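Keep the sequence beside you as you read.

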Amino acid sequence: MVLSGPDLVRRRGLRQMRMVALSLLVLAAVIYVLTLHHEGGWAYVNAASEAAMVGALADWFAVTALFRRPLGLPIPHTAIVPTRKDSLAESLEQFVTENFLSEEVVGEKMRTAEVSRRAGEWLAAGNHAERIVEEGVRTIGAALPKLGDDDVTAFVRGSLLPRFAEEPLSPIAGHFLGSVVDDGAHHALLDLLMVEAYDWLAENRELLADVVGPRAPRWSPRWVDSIVIDRIHREALSWLAAVRDDQQHPARKAIDRLLLQLADDLQHDPEMMDRFEAFKRRMLSHPDMGHSLTAVWDAVRTALIDAIGDPEGPLRLRATQTIKDLGKRLQTDEVLIAKIDTRAAEAVGYVVRTYGTEIVSIISDTIERWDGREAADRIELHVGRDLQFIRINGTVVGALVGLTIHTLSQLL
């Protein structure tokens, strides 16, 4: 058996305690021989030493019988660990399962261990946040270049697009659109559209004339058509400017109502939902969709590599600050602390409930692979030193009991 450093320390301690127990036995034997056939007070000492030897030998036999056959004799019910290691391993496994690795015990320990608070203290202390970001950057930086376009395209076409095609997205899109309109998040986009529309129309009066001019009556003079087109151009610009500058313009309100109605139809109108899903499937089945998503991924990957490569870049600084802020919240936000601790306890409980048997089976599987002698040596190495106190106590208690019995015998 190969011994580690701690095992060597345990072996030295075991040998020292064996020597102490043996020394007491030898001392008792010497005293017994020296006081043999003496009268008076020495008779009491002789009786005590005799009983001490009996106690020492009996306990030596009991302790030794656990790990080997005393004096090599084939005495029944000895060498218990080597001969019954498999059944002992099963009993130990059952004991650990019932008393330690149970969902209730582990869950309660996780809830009282303040895992989230300790994690918050660790995250907020020293340069731990910087270390986490550095390790994350190193991992991401090594992984991103290895994700080639062919792999991404295969994933998009083989898994992502088919999954999106099967999953009904109309309710999700409707809910998202409704949330955007309720929050007014679309106003910035509408402002941008109005600005661009006004600038485009202001610069393309001739294009408007090309669209409206052919619709004029044949009998209408050209100069009349030009006046009408100019008027339409001015009125359109005036209307776009009003919508652009007035946040409460009726057109804006009408657009909000239209978007809210569309959001509701996407969630509840079967006809609109079917039209949206049909449009989604046409878009996802387009031959260029896979290449377009791959191109987007390639752009995102390049941007990420450039961003994380700068130690003083905003991405890494923001990530570090976010981790530190999280560490502070995990120390002060009682709601978040309770939520995380509860989720951690539930997660550990699930692992114990689902995989507890496999985890504890490591005990029996490991011990079963041991040779009987090796198993006895390993176990004795860990508990043998304490077991030597049984021999010491047996010697001392035996001497006291022998002295008491001899005293009572003299009195009677």
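Start at N46, which lies in helix α2; helices here are DSSP runs of H or I, at least four residues long, numbered from the N terminus. N46 counts as buried because its relative accessibility is 12%. Buried means under 20% relative accessible area, exposed means over 50%, and partly exposed is in between, with a 1.4 Å probe and protein chains only. Leaving aside neighbours within four places in sequence, N46 is in contact with Y32, T35 and L36. Contact means heavy atoms within 4.5 Å.

This is a predicted model: local features need pLDDT of at least 70, side-chain atom pairs count only at pLDDT 80 or more, and totals for chains, interfaces and linings use all residues. Residues are numbered from 1 along each chain as its sequence is written, and side-chain values use heavy atoms, with hydrogens and water left out.

Now bring in the partner helix. Two packed helices are described by the angle between their axes and the distance between the axes. The axes of α1 and α2 (residues 41-67) come within 8 Å and cross at roughly 145 degrees. Axes are lines fitted to C-alpha atoms, for helices over the stretch in contact, and angles run from 0 to 180 degrees between N-to-C directions. On the α1 side, the contact is made by L25, A28, A29, I31 and Y32. On the α2 side, the residues include N46, S49 and M53.

What lies on the surface here? M19, L22, V26, V30 and L34 form a nonpolar patch, with about 460 Å² of accessible area together. Patches are made of residues with over 30% relative accessible area and no salt bridge; like charges are joined within 9 Å, and nonpolar side chains (Val, Leu, Ile, Met, Phe, Trp, Tyr) within 5 Å. Accessible areas come from the Shrake-Rupley method with a 1.4 Å probe, and for residues only the protein chains shown count as cover. V26 counts as partly exposed because its relative accessibility is 43%.

Follow the chain into the loop between α2 and α3 (80-83), where L71 is placed. H77 lies in the loop between α2 and α3 too. Most residues other than glycine have a negative phi. Phi of L71 is near 60 degrees, a positive value. H77 has a positive phi of about 60 degrees although it is not a glycine. L71 is exposed because its relative accessibility is 71%. H77 is exposed, with a relative accessible area of 75%.

Next come the charged pairs. How many salt bridges does a search of the whole structure find? The search finds 17. A salt bridge is a side-chain nitrogen of Lys or Arg within 4 Å of a carboxyl oxygen of Asp or Glu. R117 forms one with E334, the closest N and O atoms being 3.6 Å apart. This pair links distant parts of the chain: R117 is in helix α6 (residues 115-124) and E334 in helix α17 (residues 334-369), 217 residues apart. R117 also forms a salt bridge with E114, at 3.9 Å between the closest N and O atoms.

R138 and E135 both lie in helix α7 (residues 128-143), three residues apart, about one turn of the helix. Their salt bridge has its closest N and O atoms 2.8 Å apart. E134, E135, R138 and R316 are linked in a network of salt bridges.

Finish at H406, in helix α18 (residues 372-411). H406 counts as buried because its relative accessibility is 18%. Not counting residues up to four places away in sequence, H406 touches A43, Y44 and A47.

Methods:
Helices (H or I, at least four residues) and strands (E, at least two) are DSSP runs, numbered from the N terminus.
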